[in-house]
Amino acid sequence: MSEHDRDFDIKGVAPAGPIHGQHAEGYRSGFACFVGRPNAGKSTLTNALVGSKVVITSNKPQTTRTVVKGIVHRDDAQLILVDTPGLHRPRTLLGERLNDLVMTTWSEVDVVAVCFPADEKIGPGDTFIVNELAKVRRTIKIAIATKTDKATPEQLAAHLLSIVELGEKTGTEWAEIVPVSAVGDSQVDLLADLLIGLMPEGPQLYPDGELTDAPEQAIAAELIREAALEGVHDELPHSIAVVIEEMNLREGRPADKPLLDIHANLYVERDSQKGIIIGHKGSRLREVGTQARKGISAMLGTPVYLDLHVKVAKDWQRDPRQLRKLGF
């Protein structure tokens, strides 16, 4: 197993035994994973099911880099959603490690749900993913037609037929095929019911009210990167990494007026990219800081002071030493 897999292996992330005593008869718990081409709606769907923002969303490809779990609580079940990067043909060492992460996750969850955006035709990228998924034998597979709010009824019908045909062509047996719109809140509850129905009987794995097991520093880093991704050129998202250098409650503040100090570095690969992130006289970096600060404060429930700096780590996506330094 590679160092990257050790970092993000989901085996054993949940307690081995029940948290609140023996689970009731018929209680279900387990892991599901959304996969698909970049920008297929995976992160938006995760947030919709959890009912809160736990993973970043962007119209830029490859925004997800770490496995972030969102937790759906029901009286009779607990569904843990694992978010992964979009599987793609890698061009860098980072891309290879992200793909390794996806393949490892597929073999360890109970259900893999493949997302096919209803406003786009099924293409070579989808076929590539489903062919790779076909190599994972034991995991249950379902298909989700996402973004149905962007398709006409005729387009959706043709899209669902294409999903059936892709399954037949790749030898993939879909346990379910579900059309969903996370934005329009269409059939999201139905999807949750179907996923839970496919989970094994087992104990509650996380305490009531817990929505994710991602560390607060990881959440802050992802929200900063999400803010940095807005409005930048297509090649830049792959080149942005965020490292939280320091994150502490400010000393000497009254208990009822806390302030969270966060000092973070945004890493890019070239000086020209640094200029894009900073903007004219620092205007863009200030916008990134304002947006990220609001998101972190809302997520963690504490006012935030955010200190951002942009640094260049030349060609870090291809450098094993720098990948380790940046947490990959």
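1. A quick definition to begin with: a salt bridge here is a side-chain nitrogen of Lys or Arg within 4 Å of a carboxyl oxygen of Asp or Glu. Please keep in mind that this is a predicted model. Lysine 135 and glutamate 132 form such a bridge, with their closest N and O atoms 3.0 Å apart. Lysine 135 is exposed, at a relative accessible area of 54%, whereas glutamate 132 is buried, at 17%.

2. How many salt bridges does the structure hold? There are six. One of them joins the side chains of glutamate 120 and arginine 37, at 2.9 Å from N to O. Glutamate 120 sits in the loop between β4 (111–117) and α4 (124–133), and arginine 37 in the loop between β1 (28–35) and α2 (42–50), so this pair ties together parts that are 83 residues apart in sequence. Glutamate 120 is partly exposed, with 31% relative accessible area, while arginine 37 counts as buried at 18%.

3. Next, have a look at helix α7. Arginine 225 and glutamate 222 meet there through their side chains in a salt bridge of 3.6 Å, N to O. The two are three residues apart in α7 (residues 216–229), so about one helical turn separates them. Both ends are covered: arginine 225 is buried at 2% relative accessibility, and glutamate 222 is buried at 16%.

4. Some bridges share partners, and in this way Arg37, Glu120 and Asp126 are joined into one network.

5. Two backbone angles deserve a mention. Lysine 147 has a positive phi, near 55°, in a residue other than glycine. Its place is the loop between β5 (140–146) and α5, and lysine 147 is buried, with 17% relative accessible area. Lysine 281 also has a positive phi, of about 55°, although it is not a glycine. This lysine 281 is found in the loop between α8 (271–278) and α9 (283–300). Is lysine 281 buried or exposed? At 71% relative accessibility, lysine 281 counts as exposed.

6. Finally, the surface. Leu161, Val164 and Ile177 make a nonpolar patch of about 220 Å². Of these residues, leucine 161 belongs to helix α5, which covers residues 153–170.

Key. Residues numbered from 1 in each chain as written. Predicted model: local features only at pLDDT ≥ 70, side-chain atom pairs only at ≥ 80, totals over all residues. Heavy atoms only, no water. Patch = residues over 30% accessible without salt bridge, like charges linked within 9 Å, V, L, I, M, F, W, Y side chains within 5 Å. Areas by Shrake-Rupley, 256 points an atom, 1.4 Å probe, with all protein chains shown as cover. Helix = DSSP H or I, 4+ residues; strand = E, 2+ residues; numbered from the N terminus. Buried < 20%, exposed > 50% of the residue type's maximum accessible area, 1.4 Å probe, protein only.
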